[in-house]
Amino acid sequence: MAKAIWILNDQCSVTNSSLAAWQDGDLVLMAESKKELDLPFAHQKKTAFILGVNRTFAQTLTREGKPVVYLDFRQSQPDWTQIEQLTRLTLDRQLTEVWLMRPKSWSQRQELELLANSGGFQFTFTRDTNLISDEAVMQPWFAAKSFRMETFYQKMRRQTGLLMDISGQPVGGQFNFDKANQQALKQAPAKHPRLSFKKSPLLLEVLQEVQRYFPHQLGSCDSFYFSLTSEQARRELDHFVAHILPTFGQYQDNLILGDPYVSHSLLSAYINVGLLDPMEVCQAAELAYFRNQASIETVEGFIRQILGWREYMFYKYLTLMPGLESANHLHAHRPLPAFYWTGQTHMRCLAQAITDTLEHAYSHHIQRLMITANFATLAQINPHQVHQWYLGVYADAWDWVEIPNTIGMGLFADGGKIASKPYVSSAAYLRKMSNACRTCPYDPKALAGANACPFNALYWHFIATHQATLQHNTRMAMIVQSYRKFAPEKQAAIAGQAKAIFARLDAGQL
Ligand SMILES: Cc1cc2nc3c(=O)[nH]c(=O)nc-3n(C[C@H](O)[C@H](O)[C@H](O)COP(=O)(O)OP(=O)(O)OC[C@H]3O[C@@H](n4cnc5c(N)ncnc54)[C@H](O)[C@@H]3O)c2cc1C
Ligand code: SF4
């Protein structure tokens, strides 16, 4: 009997395991959902990227001889989800057997469970080939006990053999070279040229459609640079490994004015949508080490992000949803400041991180973690609004990876179920790791006064506010002690300065 093979928007991979079941007579079904594309804070480039990748992938499958039924957002019900659209397409064709690769999204899993229980279709869920690990093996492990990323990562290194020698020991004698990679910024390196490709007619059409149907979305489609096919994404991977990876470790924690990418790979959007296989990216980096093209510190640091953090985040998401999405452990209730969608703030580091985001639908990890999320945590911004912003503005954002990163790692709104401490800092750290403070109107060394960097007083105000909780965190206890040793006048100055900053924030004057 003919079956329907559903391909979801982030499953555009020729190695999608549901496609392995394709036989003559089967139909591949794909659908766009306006509702899912038009999230709050959605960025035009993200919308264009998803549409461009999906439509191009449908063309590829058709060329391979697999018939594809593709519903674009103009034909579909505007307030239906992808699953609802696919259900309609399947019913219309009187198919009852449905195959699809297990989605990562918690809400899609809920929808599918309801649908499966209603008995209309017979579902077969195939293994998610966009993960290196096997969920069937790993999920029970995560469900049974809580452990940190490093434990998981070492398990994955042993399991995959990545950067392991023949005696089963980590290459270079240790699993983690993070310390060697955290380097203060001495001098900004030259910018790396990045690849971009001629726009296909399909892409030109998509860009026009996005401008016409989603004019209210953030950013613009100008200078759209994303690859839309696996071949193009692979060329970007090769370019990164050959020319940029060698400096990844050295600069991965730096923020450099005027250089939105520094030495980062820009590959997350491609991995997450299926154009690149996470294992092939790790293997390409590993090969660079064995060919003496990049140091162990840099290659291990890069592989850890994908083999460790990316996979770890997925399992934490799976185990902690649905509560994770609405968690607000620190009781933060301020609205997201308007400058998160304009970039108009005097704080140079924030202005750059947000402007880069609005221009490219991308910013690198340190901008996300130590600038936009750090500020949001210190300024007590409502985590749900911050989550919606991250999910909308970044081309690589899908809820399974964005939610644990934002709510857990970025904001500590889960109370430490993902990160072992809040990633907060004053200007001292930012001044060391970036060159933004050199041209900022605020003084990174000052704690109080109109020109004092807001990160300083907000940082100590955060420690003071949450000291009862943070004193029990082994990585924060010493900082709490430092705060408690401040003279009462200094503590009062911090409180007064924080109050003044919140007033300026509310008035749009920061
Ligand atoms: C608040 C916040 C929100 C984030 N939201 C997302 C998101 O929506 N989607 C997303 O893919 N990443 C997210 N990240 C993680 C990380 O910032 C991005 O993966 C990275 O910036 C993507 O750029 P890149 O490809 O140049 O990465 P590189 O710095 O070159 O890193 C290589 C690869 O490692 C993986 N990676 C690195 N760090 C992480 C991480 N913490 N979690 C998962 N994968 C990681 C990505 O696949 C990335 O392509 C978020 C981080 C924070 C702090
Ligand atoms: S002084 Fe403060 S606000 Fe300005 S760039 Fe430095 S850390 Fe950012």
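Glu135 and Arg109 form a salt bridge, with their closest N and O atoms 2.7 Å apart. A salt bridge here is a side-chain nitrogen of Lys or Arg within 4 Å of a carboxyl oxygen of Asp or Glu. The model is predicted: local features need pLDDT of at least 70, side-chain atom pairs count only at pLDDT 80 or more, and totals for chains, interfaces and linings use all residues. Residues are numbered from 1 along each chain as its sequence is written, and side-chain values use heavy atoms, with hydrogens and water left out.

The chain is split into domain 1 (4-126), domain 2 (135-196 + 228-320) and domain 3 (338-506). These bounds come from an automatic or database domain assignment. The C-alpha centres of domain 1 and domain 2 are 29 Å apart. In contact (heavy atoms within 4.5 Å) are 15 residues of domain 1 and 13 residues of domain 2.

Between domain 1 and domain 2, about 1200 Å² is buried. This is the accessible area (1.4 Å probe) that two parts lose on being put together, summed over both. Carbon and sulfur atoms give 61% of the area. On the domain 1 side, Phe49, Lys104 and Arg109 lose the most area to domain 2, together 41% of what that side buries.

The rule finds 1 salt bridge across the interface of domain 1 and domain 2. Helix α2 (44-63) and helix α4 (106-118) each supply at least two residues of the domain 1 side that touches domain 2. Helices are DSSP runs (H or I, at least four residues), numbered from the N terminus. The most comes from α2, with 4 residues.

Conventions:
Chains lettered and ligands numbered in written order.
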